[in-house]
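The account below is meant to be read alongside the sequence and the coordinates.

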Amino acid sequence: MGGPEKRQVPRIHLKQVISFGNDRTIELVEISDISAEGIAFFSKSNLEKGSTVFLIFPGNEQIVENELAVTILNCAPTNDTSQHFKVSAIFLDANLKYLEDIRKLYQDNPS
């Protein structure tokens with residue numbers, strides 16, 4: 001996975017379990033990294049590029065309880081049998097509650 005970083009918005013590496021749901025399933029997933037615009041997480045499901053799912057944050061001291069829609073940008077196989085796919089997604093409409101939590105995370109984790 002070499003190559004230059006193409007993202008314009010800084011990401012925060014965050015170990016947190018959330019869930020995602022669509023019209024067929026709900027699954028617990030582990031966040032890889034997160035930003036104000038998007039998220040990467042590990043999933044057992046092969047999600048279709050362009051599909052929409054809802055991420056459900058259960059709430060903790062870092063990100064309060066929230067539900068956000070995302071569009072899947074990429075879903076690539078990993079070499080890890082417990083986390084079959086790494087999924088990249090962009091938020092469709094990150095609400096103010098989420099953006100405030102991310103702003104605090106940026107302050108607590110400066111680059």
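The paragraphs that follow go from the whole chain to its strands, then to its aromatic pairs and its nonpolar core.

The model is predicted, and local features are therefore reported only at pLDDT of at least 70 and side-chain atom pairs only at pLDDT 80 or more, while totals for chains, interfaces and linings use all residues. Residues are numbered from 1 along each chain as its sequence is written, and side-chain values use heavy atoms, with hydrogens and water left out.

The protein chain has one helix and seven strands, where helices (H or I, at least four residues) and strands (E, at least two) are DSSP runs numbered from the N terminus. Read along the sequence, these elements follow the pattern β-β-β-β-β-β-β-α. The radius of gyration, taken over C-alpha atoms, is 13 Å for the protein chain, which agrees with the value near 13 Å for a compact globule of 111 residues, the globule rule being 2.2 Å times the number of residues to the power 0.38. Along the principal axes, the C-alpha atoms fill a box of roughly 35 × 35 × 25 Å. The accessible surface comes to about 6,900 Å², and 52% of that surface belongs to carbon and sulfur atoms; areas of this kind come from the Shrake-Rupley method with a 1.4 Å probe, and for residues only the protein chains shown count as cover. Of the 111 residues, 38% count as buried, a label that means under 20% relative accessible area, with exposed set at over 50% and partly exposed in between. Among contacts (heavy atoms within 4.5 Å) with a separation of 6 or more, residues 24 or more positions apart account for 50%.

Two strands pair if DSSP finds at least two bridges between them. Strand β4 (residues 38-43) is joined to β7 by six bridges in the antiparallel sense, with Gly38 standing opposite Ile90. Strand β6 (residues 66-77) also runs antiparallel to β7, here over seven bridges, and Pro77 stands opposite Phe85.

Strand β2 (residues 17-21) is mostly covered, since four of its five residues are buried. A hairpin of four connecting residues leads from β2 to β3, and five bridges join β2 to strand β3 (residues 26-34) in an antiparallel arrangement. β2 also pairs in the antiparallel sense with strand β5 (residues 52-57), over three bridges. Phe20 takes part in both pairings: its bridge partner in β3 is Glu27, and in β5 Phe20 stands opposite Leu55.

A search of the whole structure finds three aromatic pairs, where rings of Phe, Tyr and Trp (its six-membered ring) pair if their centres lie within 6.5 Å, and planes under 30 degrees apart count as stacked, over 60 as edge-to-face and the rest as tilted. The rings of Phe20 and Phe41 have their centres 6.1 Å apart and their planes at 35°, so this pair is tilted. Because Phe20 lies in strand β2 and Phe41 in strand β4, the pair ties together parts that are 21 residues apart in sequence. Phe20 is buried at a relative accessible area of 0%, and Phe41 likewise counts as buried at 0%. The rings of Phe57 and Tyr98, with centres 5.9 Å apart and planes at 40°, also form a tilted pair. Phe57 lies in strand β5 and Tyr98 in helix α1 (residues 96-108), so this pair ties together parts that are 41 residues apart in sequence. Both Phe57 and Tyr98 are buried, and ring pairs link Phe57, Phe91 and Tyr98 into a cluster.

In soluble globular proteins, nonpolar side chains tend to be buried together. A nonpolar core is here a set of buried Ala, Val, Leu, Ile, Met, Phe, Trp, Tyr and Cys residues joined through side-chain atoms within 4.5 Å. Of the 26 residues in the largest such core, Ile34, Ile39, Leu55, Phe57 and Tyr98 touch the most other members, and β2, β3, β4, β5, β6, β7 and α1 each supply at least two residues. Ile34, in strand β3, is buried with a relative accessible area of 0%. Leaving aside neighbours within four places in sequence, the contacts of Ile34 include Ile39, Phe57, Tyr98 and Ile102, and those of Leu55 include Phe20, Ile39, Phe41 and Phe91.

Conventions. Buried means under 20% relative accessible area, exposed over 50%, partly exposed in between (1.4 Å probe, protein chains only).
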